[in-house]
Amino acid sequence: MKLLPTKKDPASQDNRGAMTPIEMEMERTKRKLSPTAKQYLTTLSALVILIVVFTIINNRFIASQNILNIVFQTTPIIIIAMGQTYVLITGGIDLTIGSNIAFAAMVSCLLMSGGLSFFVAIPIGMLIGVSVGAINGALITYGKLPPFIATMGTMSAVRGAAQIITNGMPVASGNALFQTIGQQRSFLSIPNSIYPMIVLVLIFGFILAKTRSGRYLYAYGSNYEATRLSGVNTNTTILKAYIVSGFLSVCAGLLIAAKLDSAAPTAGDGYELDAVAASVIGGASTMGGEGTIFGTFLGALIIGVLRNGLNLASINTNYQKIVIGAVILAAVFVDKRRKK
């Protein structure tokens, strides 16, 4: 005889599904968002709130052309901030970013204006940026200098070199391919310079998140002594971080120069602040051991949105600096509270 299905007894069902305290704790842990996911959510929420606020203030803000303009203007900040994130994760800082932007871009433009091929001049500029990064890393690892002091000295020397090679005058490249990259649009009318940024975000995001070198950076910034005793070559780890920062600084510098078809010795002045701000807002810790490329990407967009929104609201640039400074302080404050 076939039995009809009976109603389930809630009490007995609860008993069957009852879990031990350990299982309940594991279940709660699974349901919790990871710290990284929480950081993404916080940064993304801040970005959305800013977009809503600026749209209410001025409906031109949300126009597709303006959004594209924000990404275009923020592209160099995203690129340099990725390099700064690599360095911040180790517990260091790179103050040469602005000087590196100017020097390497000026050398490349000078070579192209002298008739050298684009495909030769650009790699030479990149090699200069990488060399500056390597010098920074060597001063910190082998010279045992604090990152702040080492990169501050290099910053001054590189900026001086940028002034000397052209007597303080800007240099135009006169190269058609260089101008095409910086000034024209292609697929979907997107500015060409945005594409290299996307490629760099994917590459350096993958390296940081998925490779052994990336894990060593986090380990170094979290616990230097344990990392060293584990057999990790800490000197190489630091060198790589500063070389990445130098390379990305030059990439940003070349895109800025391509946009104007000109490089000036004062280019990139103050970009160090933007790089640190984007990284910290995106979740990188100034004490090392934390930071992601996607978080930095969102942090840079917040700075771009802030600048653009304040410009549309006709806020004086000096007041804009105050606002961005306040945002940085708030991000650092939150970071310190989070670590307690």
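Glu-272 is buried (under 20% relative accessible area, with exposed over 50% and partly exposed in between; 1.4 Å probe, protein chains only). For charge, Lys and Arg count as positive and Asp and Glu as negative; His and the chain ends are not counted. Glu-272 lies in helix H13. Helices here are DSSP runs (H or I) of at least four residues, numbered from the N terminus. Leaving aside neighbours within four places in sequence, Glu-272 is in contact (heavy atoms within 4.5 Å) with Gln-84, Asp-94, Leu-95, Thr-96, Ile-97, Gly-98, Ser-99 and Met-155.

The model is predicted: local features need pLDDT of at least 70, side-chain atom pairs count only at pLDDT 80 or more, and totals for chains, interfaces and linings use all residues. Residues are numbered from 1 along each chain as its sequence is written, and side-chain values use heavy atoms, with hydrogens and water left out.

Side chains of opposite charge can pair when their charged atoms come close. Two salt bridges are counted in the model. One joins Asp-274 and Arg-307, with an N to O distance of 2.9 Å. This pair links distant parts of the chain, 33 residues apart. Asp-274 sits in helix H13 (residues 271-281) and Arg-307 in helix H14 (residues 293-312). Asp-274 is buried, at 6% relative accessibility. Arg-307 is partly exposed, at 29%.

Arg-228 forms a salt bridge with Glu-225. Their closest N and O atoms are 2.4 Å apart. Both residues belong to helix H11 (residues 224-229). They are three residues apart, so about one helical turn separates them. Arg-228 is partly exposed, with a relative accessible area of 38%. Glu-225 is also partly exposed, at 36%.

The count of disulfides (pairs of cysteine sulfur atoms within 2.5 Å) is zero. Cys-109 is buried, at 0% relative accessibility. Cys-251 is buried too, at 10%.

Helix H6 (residues 118-141) packs against helix H8 (residues 176-183) at an angle of about 60 degrees. Their axes are 9 Å apart. Axes are lines fitted to C-alpha atoms over the stretch in contact, and angles run from 0 to 180 degrees between N-to-C directions. H6 contributes Phe-118, Phe-119 and Ile-122 to the contact. H8 contributes Leu-177, Phe-178 and Ile-181.

Note on methods
A salt bridge is a side-chain nitrogen of Lys or Arg within 4 Å of a carboxyl oxygen of Asp or Glu. Helices (H or I, at least four residues) and strands (E, at least two) are DSSP runs, numbered from the N terminus.
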